[in-house]
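Biologist: I have a few questions about this model. Can we go through it piece by piece?
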Amino acid sequence: MNAPATTTIKTSYLRPIDRDGLLAFAEKGRNNPNTRGTNKVHTVMQGMYRSLSYVGDHQPVVVDEPLHLFGEDTAPAPGEIVLSGLGGCLAVGITAVATWKQVRLSKLEVFLEADIGNPAAWGAGGAQMSPEQMGFQDIRVKVLVEGDATREELAEIVNQANFFSPVANSMRNPIPFSISLVD
């Protein structure tokens, strides 16, 4: 008789973050919940609808519009950049919550889509609309996450990350917004 074949499944995990550093950062937040940082971006228009946004010492983030919106389609559109920020923030949060709960992740992908229209033509003579009629009208996010936890535990991690996501909450909640000319 032949012995049954043994199957070995090897799982590789995503590169982890520093859990001790995360716990220290969380403690600082508990000790001073009013702490705020400031994100700064400098955007320079190149022409047509192509712009470069400079963030710290990083390569600029290129933004453009598709051909049907009179751009050159050389880069993602502004709304797509916003969604990429949301996806990145959710991925960071999921990683942080999983690390805190000592769950190792082997896969994490975030799929985002949103309904947006521009009948107002950026305010250049299009349809008259109120602010709540413009911008994203519906955002849908699906998360593919795998790790050494049950589906229910992974869902709780995703829900917790969503609840505490700074970018998701910036999109969900009204926030003060001001714009003016440089002095």
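Biologist: In what sense do S2 and S3 pair, and over how many bridges?
Modeller: Bear in mind that this is a predicted model. S2 and S3 pair in the antiparallel sense, over three bridges.
Biologist: Which residue of S3 does Leu-52 stand opposite?
Modeller: Val-62 is the one opposite Leu-52.
Biologist: And what sits between the strands in that hairpin of S2 and S3?
Modeller: There are six residues between them, and Gly-56 takes a positive phi near 55°.
Biologist: How do S1 and S2 pair?
Modeller: They are antiparallel, with five bridges. Met-45 has Ser-51 in S2 as its bridge partner. S1 and S2 form a hairpin with two residues between the strands, and Met-48 in the turn has a positive phi of about 50°.
Biologist: Switching to aromatics. How many aromatic pairs are there?
Modeller: The count is two. In one of them, Tyr-49 and Trp-122 have ring centres 5.1 Å apart and planes at 55°, so that pair is tilted.
Biologist: Which parts does the pair of Tyr-49 and Trp-122 tie together?
Modeller: Tyr-49 lies in the loop between S1 and S2, and Trp-122 in the loop between S4 (105-115) and S5 (138-147), so the pair ties together parts 73 residues apart in sequence.
Biologist: What relative accessible area does Tyr-49 have?
Modeller: Tyr-49 has 30%, so it is partly exposed. Trp-122 has 45% relative accessibility and also counts as partly exposed.
Biologist: What kind of pair do Phe-163 and Phe-164 form?
Modeller: An edge-to-face one, at 4.8 Å centre to centre with 80° between the planes.
Biologist: Is Phe-163 buried or exposed?
Modeller: Phe-163 counts as exposed at 56% relative accessibility. Phe-164 is exposed too, with a relative accessible area of 58%.
Biologist: How many residues line the largest pocket, and which lie nearest its centre?
Modeller: The lining has 38 residues, and those nearest the centre are Asn-39, Cys-89, Ser-165, Pro-166 and Val-167.
Biologist: How do the lining residues divide into nonpolar, polar and charged?
Modeller: The lining of the largest pocket has 22 nonpolar residues, 13 polar ones and three charged ones.

Conventions:
Residues numbered from 1 in each chain as written. Predicted model: local features only at pLDDT ≥ 70, side-chain atom pairs only at ≥ 80, totals over all residues. Heavy atoms only, no water. 1 Å grid on protein atoms, 1.4 Å probe; cavity = no way out; pocket = protein on both sides within 12 Å on 5 of 7 lines; lining within 4 Å. Nonpolar A, V, L, I, M, F, W, Y, C, P; charged D, E, K, R; others polar. Phe/Tyr/Trp six-rings, centres within 6.5 Å; stacked < 30°, edge-to-face > 60°. Helix = DSSP H or I, 4+ residues; strand = E, 2+ residues; numbered from the N terminus. Buried < 20%, exposed > 50% of the residue type's maximum accessible area, 1.4 Å probe, protein only. Pairing = 2+ DSSP bridges.
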